[in-house]
Amino acid sequence: MACVTDESGSRCPECYRSVCLEGGRGRGGGGARVFDSESAAYRLEKVFPVYALGIQKPESDPVVVADSSDDPIWDAVREEAKLEAEKEPILSSFLYASILAHDCLEQALGFVLANRLQNPTLLATQLMDIFTNVMMHDRDIQRSARLDVQAFKERDPACLSYCSALLYLKGYHALQVYRVAHSLWSQGRKVFGVDIHPASKIGEGVLLDHGTGVVIGETAVIGNRVSLMQGVTLGGTGKEIGDRHPKIGEGALIGASATILGNIKIGQGAMIAACSLVLKDVPPHSMVAGIPAKVIGYVDEKDPSLTMKHDATKEFFENVAVKFRDARSAG
């Protein structure tokens, strides 16, 4: 199944294709559906008067879309962008250029990332070519980008929509730039140098909340569904080479400004309290805190990264205090 969008026959990935210029896709009925580009442009012109004037006249052949798997994330992004443009007309040109002018999430994301990273000697158009080319040919990135944005929407109460995550959240942007850089690194193309090392391995459905001050070393590994707050460091302990960085298990929750050093393992579903210094392995589903970090209890959730409960209850800390007192008495 494919969507022919231009004379060159360029295609979005089959499972993530949506309709160019049309606010949504054909819903109902089987077989191919035909959307008239001229009528679509007219509808856009009523909401986006500035950019709609620049829409080229449709080709003689209308856009033909064969039925394919839905892309609910991209559909939601487009709908949210259109609603936001209606509420805030001053943003209509920005929203059209960033989201609604594009055929699929990969193109929109490439546009946003390119404009965030451009500088006078590396133009947005050059960066967009790099980002889009990699993402359009890498199914793993396509899947991860969607699971990541879903993680931001579901776990960050300040993230009100998929659209806002795509447009504004630098943690999401940093994660997607890493994914492109990692793909290029794997091909021997060491193009980007970032605080998240391109050689590190990061799973899908990951949340980098805020993203500020996050450092992830070359041999670090982060499992699926992990949540990391701002200021987290996954670093080495010196100048040694080889495998020297932490391995974070699936579903772990790493608190703000936590520092985890060395080739150690953070167990699945573990929780690292904010500002902790972790130098030893952490058992699965345990809670550690302190400098250096020590186990202070265990968490009930399978994936604390999903519930995002950083604080323990009063009863929990009372229990910890009693155990600590008893241990000192026995010692």
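In this predicted model, the second largest pocket has a lining of 20 residues, and those nearest its centre are L117, A174, V177, V194 and D195. The volume of this pocket comes to about 410 Å³. By class, its lining comprises 12 nonpolar, 5 polar and 3 charged residues. Helices α5 (105–117) and α9 each contribute at least two residues to this lining, and α9 gives the most, with 5 residues.

The axes of α5 and α9 lie 11 Å apart, and the helices pack at an angle of about 100°. Angles of 65 to 115 degrees count as roughly perpendicular, and α5 and α9 are therefore roughly perpendicular to each other. On the α5 side, the contact is made by L109, V112, L113, R116 and L117, which meet K170, Y172, H173, Q176 and V177 of α9. This contact of α5 with α9 has 6 nonpolar, 2 polar and 2 charged residues. L117 and V177 take part in this contact and are also among the residues nearest the centre of the second largest pocket.

Helix α9 (residues 170–186) also packs against helix α6 (residues 124–136), here at an angle of about 75° and with the axes 10 Å apart. That angle makes α6 roughly perpendicular to α9. From α6, the residues I130, F131, V134 and M135 meet V177, V180, S183 and L184 in α9. The contact of α6 with α9 has 7 nonpolar residues and 1 polar residue, with no charged residues.

How values were computed
Residues are numbered from 1 along each chain as its sequence is written. This is a predicted model: local features need pLDDT of at least 70, side-chain atom pairs count only at pLDDT 80 or more; totals for chains, interfaces and linings use all residues. Side-chain values use heavy atoms; hydrogens and water are left out. Axes are lines fitted to C-alpha atoms, for helices over the stretch in contact, and angles run from 0 to 180 degrees between N-to-C directions. Helices (H or I, at least four residues) and strands (E, at least two) are DSSP runs, numbered from the N terminus. Angles under 35 degrees count as roughly parallel, over 145 as roughly antiparallel, 65 to 115 as roughly perpendicular and the rest as oblique. Contact means heavy atoms within 4.5 Å. Ala, Val, Leu, Ile, Met, Phe, Trp, Tyr, Cys and Pro count as nonpolar, Asp, Glu, Lys and Arg as charged, and the others, Gly among them, as polar. On a 1 Å grid over the protein atoms alone, a cavity is a set of points where a 1.4 Å probe fits but cannot get out, and a pocket is an open set with protein on both sides within 12 Å along at least five of seven lines; lining residues have an atom within 4 Å of a point. Grid points are joined across faces, edges and corners, and a volume is the space filled by probe spheres set on the points.
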